[in-house]
Amino acid sequence: MKKTIFAIIAGSLTLTSLQAQIYWGDYSHSFPSEVGNKPAAVGLILAIRKENNAFWEIRDKSRHVVDLEKDPVFKRERPRGFVARTTFDTARAQFFLHGVGPQLARQYQFRVLEYPGHRVLVPWQGINRFTDSTLIRDSGMPVMAYLGGYRTRLGKMLIVDVRNTGQNQIVATSLVAWEMVRPVITSVYTSETIDDFFQKLQSPWLPDRQSTGSFPPVFKVSATNENLIFALEKGQFSKKQIQYELIRTGSVYTPWRDNAYNNSFVWIKDCPPGAYTIRIRYSAQPQHVAEYRFAVEPAWYQTNQFLLLAGIFSAVLLGAGLFLILFIRQRRKTRQEKAGKTRLQLELKAIHAQLNPHFVFNALSSIQGLINKEDIKGANRYLSDFARLLRESLHHAHKDELSLHEEIQMLDTYLKLEQLRFGFQYAIRADAAINVYETAIPVMLLQPLVENAVKHGVAPRPEKGIITVVFSRLAHAMTVTITDNGSGFTEDKAGNGLGLRLTRDRIERLNRLHSDWQITLAIQKATPSGTQITLTFGSWF
């Protein structure tokens, strides 16, 4: 039973240590000197990622450390040999307690404080995690207590204390501060001063004659310059630790990318003319960016004057070529449109010529019906009105359009003729907003529709039939509504009717001939009975 318990405890300790495992070689380790000299010495080992080493030349000590070194209470409670370091990335600082293994763990406790403020992040607690065999092998140190990895915000510091529970005394302390760091451009080198740059690399102690303080706010170079080197504060940086972005005339020219060299400078080559802003940041703190403006002047053939003259000359040549091409195309298009309009007009005249016989046939049929009824007086009156209507029709046969006043007169004459035969009532009305003398309408477009209202609508209802023709205006459109109270008429019912089919053909060709306005025809049931035909003349006024 005891063996089982010990196995469980050993397994849990092993699992815990595996979770605490770090790659020892990726970190820089700071500890008191006695830890390195005495295998049994108790002391804190602070491990920070090696990438932070490059910044220690810029800022190796935090002001918080300076403040605590002057604090008598802090110094009185802690040993003299505490370790203090700065870090700059968001990675956690790792803490190990040298000289304390599983056998001595119960004698020690640790805590973690945030400074300034002394906020307790981890209260005093016992030690239950230790390094595993892999870390022991990589570090070359005996088994140690692992206190964990911790971090805080930029501008803050962590204080890790270890105390001996038997003596109630702090025996080890380690400080780590997260400091802000921003790139600082100290020098700018060009193709003309590149030798000075190489000499500076070889002898960094020599005075720098290319300091940014000796340049105007916007540093200018000629178009023949092929190199721009921006030197930063001292430090040995890897490619991934420095990133830069180029902005050209307000737009991103080179998006954020890692530096091309393992050193503290950014080298840019072959920049085309324009106004630039270079933005440089450390990948450890990408929110802090340094900016520097420079301009690459254009060559003579890239100047605005040259480009303007070249543009004018090219525009003249291009314009002449385009004019010639457009002229030829327009002439061809004009001929095609003229031929198309002529064809459409001929088709309209042909359809109009078909409408007149259709109307004459229907009129003669009506006269024949009166004669068969032995209504000689009605037949004579019908014949007289028919002759006048035929004369008006022939008079307007050569026209494409006629005034709305003349169209209304022709419809009135036709409906009078059919009224003698069928005895129905009719009314023709026009809105006051429509000037019937100045408003034109395609000739003989409404007559077949009114004829359908008579034939299919009121003819079966003598003396009870009613036909209304209403001309209305809505904004720039004109609508003509022809309504009857017959049994109901639809296109399907009279799909073989010649008048309606010819009217639709005319509308289709008129719409193709005049693209600036369109005519639509709609047939629907009227309320409470009958049929309503609506002609809409779009953009008519």
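So, burial: of the 541 residues in this protein, 44% count as buried. Keep in mind that what we're looking at is a predicted model.

What's it built from? Eleven helices and 24 strands. And if you take the contacts with a separation of 6 or more, 70% of them are between residues 24 or more positions apart.

Okay, let's zoom in on one residue, V176. You'll find V176 in strand β9, which runs over residues 169-178. Why does V176 count as buried? Because its relative accessibility is 0%, and the cut-off for buried is under 20%. So who's around V176? Skipping its neighbours within four places in sequence, V176 is in contact with L46, I48, R85, T87, A93, F95, M157 and L158. There's also R151: V176 and R151 sit 25 residues apart in sequence, and their C-alphas are 8.9 Å apart in space.

Now over to a helix, α9, residues 404-422. How far does α9 reach from its first C-alpha to its last? The answer is 26 Å for 19 residues, close to the 27 Å you'd expect at 1.5 Å a residue. If you want to look at the buried positions of α9, they include L404, I408, M410, L411, L415, L417 and F422. But the buried list also has E407, T413, Y414 and E418 on it. Then, just after α9, have a look at G423, where phi goes positive, at about 75 degrees.

Terms used: Residues numbered from 1 in each chain as written. Predicted model: local features only at pLDDT ≥ 70, side-chain atom pairs only at ≥ 80, totals over all residues. Heavy atoms only, no water. Helix = DSSP H or I, 4+ residues; strand = E, 2+ residues; numbered from the N terminus. Expected span 1.5 Å × (residues − 1). Buried < 20%, exposed > 50% of the residue type's maximum accessible area, 1.4 Å probe, protein only. Contact = heavy atoms within 4.5 Å.
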